[in-house]
Amino acid sequence: MPTSTDHDGATLWRDGRPVYDRGETVCVIGAGVSGLVAIKNLKEHGFGVDCYERETGVGGAWNWRHDRSPVYASAHLISSKPFTQYPDFPMPDDWPDYPHHSQVLAYLERYADHFDLRPHVWFGTEVVKVEPADEQKWDVTTRSTGGYGAERTHRYAAVVVANGHNWSPNMPEYEGIDGFRGKIMHSSAYQDPAQLRGKRVLVVGGGNTGCDIAVEAAQQAARCWHSTRRGYWYAPKYVLGRPADQVNDAILALRLPLRVRQWLLQWTLRLAVGDLTRFGLRKPDHKIYETHPIVNSQVVYHLGHGGISPAPDVKRFRQYSVELADGTEIEPDLVVLATGYQPRFEFLAPELLGIGADGRPKLHMHAFSRQHPTLAVVGLLESDSGLPTLTHWQSVAVARWLRMREAAPQRAGEFWASRVAKAPERRFLGANVKDTPRHWFEIAHVDYLRALQKTLNEMATA
């Protein structure tokens, strides 16, 4: 951990409290997948970096020891190894196609050690508030995690937010839910199949976590219902003998029109898994690529063996039962709400990220604040691929932008005004993806990486 003498600079004052000036140092918030790569790339571009991590170790959501981690015992990657590694730090060749969560954490720890990132991280320290100090700099107030000890404020040249968006549970509201006598839990509290054993379980939510928990309930629970709002496309983890995302990427490389790719993948899935409506699932109300991909090879197996009973959306809760949208009533002992997460930036005023009444940040390329050129977010993405490659190039773009501001301020100002502040909002999607909160940050990885490359080229020539 950095020493206090390394951390403190000249003392300034704000509202009667001391502010320690860190000069041109950049503040990074969070030491998970996105925070670690931000530290590394900022370092490589010559910046001093202070990172604040509220937990006691690196890894963010992948560190199952952390209170906010959504990881459960059986969790594995749903994107294969080549798409879930940093481009300059490959995973070991002898690891499986879809590593276990403990291997992902080990990989992140090795990454931190290889690039000597830990000395830049203040562990057990949470960020309380981030405020503009002037038109460029930021005052960052921190304290020990849990609220112990005095608060301290430091002034930074820029702030990179990498606190993740899969830690604050989205709790849906249902009529009568408060009077339900069974147990209700969000999937963030799910850890082990023992929590399901012998119970009648209703899993609500058709995402990858909901499918995983439904599969485990099929093996451990007395009964499992799986409630989804619509029909989905279920992709197996392997297609044509290869990880499904690698097959998809090979198809993308052909540069085929979207409609042709959709037809080709739909045909491939029908060969691989068949018509799932015969199991009681609804027909998808959208085309492939228009929702976040569901990758699970076992759902179809347990549907076919009767371990999972498909169910429509929940209409209301009663004292001992749950009424579904089709009027059916079921009596679960345990309801698991696999209903996703909400992005939260409690330490920032909403307007700094363009957050409106719906809670959605409006950022250029899902990364750059349109209001402040020295504020950026890394990792606020949902993709048809893994996150590390995307966050690597995101953080490279942030670092090069900050370096450009320092080396050529006039050129940087012109670039910002024309390419960032007034740039139209873009979703980086080839398909007409559903406009729901779950898909706020959805991107097609190829489209997004091409846009990042264009931005980097423009910075070099601006």
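A: Helices (H or I, at least four residues) and strands (E, at least two) are DSSP runs, numbered from the N terminus. Asn41 is found in one such run, helix H2 (residues 33-44). The model is predicted, with local features needing pLDDT of at least 70 and side-chain atom pairs pLDDT 80 or more, while totals for chains, interfaces and linings use all residues. Residues are numbered from 1 along each chain as its sequence is written, and side-chain values use heavy atoms, without hydrogens and water.

Q: Is Asn41 to be read as buried or exposed?
A: Buried means under 20% relative accessible area, exposed over 50%, and partly exposed in between (1.4 Å probe, protein chains only). Asn41 counts as buried because its relative accessibility is 1%.

Q: Which groups make polar contacts with the side chain of Asn41?
A: A polar contact is a pair of N or O atoms within 3.5 Å; within protein, one must be able to donate a hydrogen and the other to accept it, and residues adjacent in sequence count only if both atoms are side-chain atoms. The side chain of Lys40 is joined to that of Asn41 by a polar contact of 3.3 Å. The backbone oxygen of His392 also lies 3.3 Å from a polar side-chain atom of Asn41.

Q: What is the strand order of the open sheet?
A: Strands of a sheet pair through backbone hydrogen bonds, either parallel or antiparallel. Here two strands pair if DSSP finds at least two bridges between them. Five strands form an open sheet in the order E1-E2-E8-E7-E6, with mixed pairing. At its edges, strand E1 (11-14) and strand E6 (125-132) each pair on one side only. From one strand to the next the twist averages 35 degrees, taken between N-to-C directions of lines fitted to C-alpha atoms, on a scale from 0 to 180 degrees. Strand E7 (residues 138-144) and strand E8 (residues 152-156) are antiparallel, with five bridges; Trp138 has Tyr156 in E8 as its bridge partner.

Q: How many cavities of 30 Å³ or more are there?
A: A cavity is a set of points on a 1 Å grid over the protein atoms alone where a 1.4 Å probe fits but cannot get out, and lining residues have an atom within 4 Å of a point. Volume is the space filled by probe spheres set on the points, joined across faces, edges and corners. The count is three. The largest has a volume of about 80 Å³, and its lining includes Arg360, Glu425 and Trp440.

Technical notes. On a 1 Å grid over the protein atoms alone, a cavity is a set of points where a 1.4 Å probe fits but cannot get out, and a pocket is an open set with protein on both sides within 12 Å along at least five of seven lines; lining residues have an atom within 4 Å of a point.
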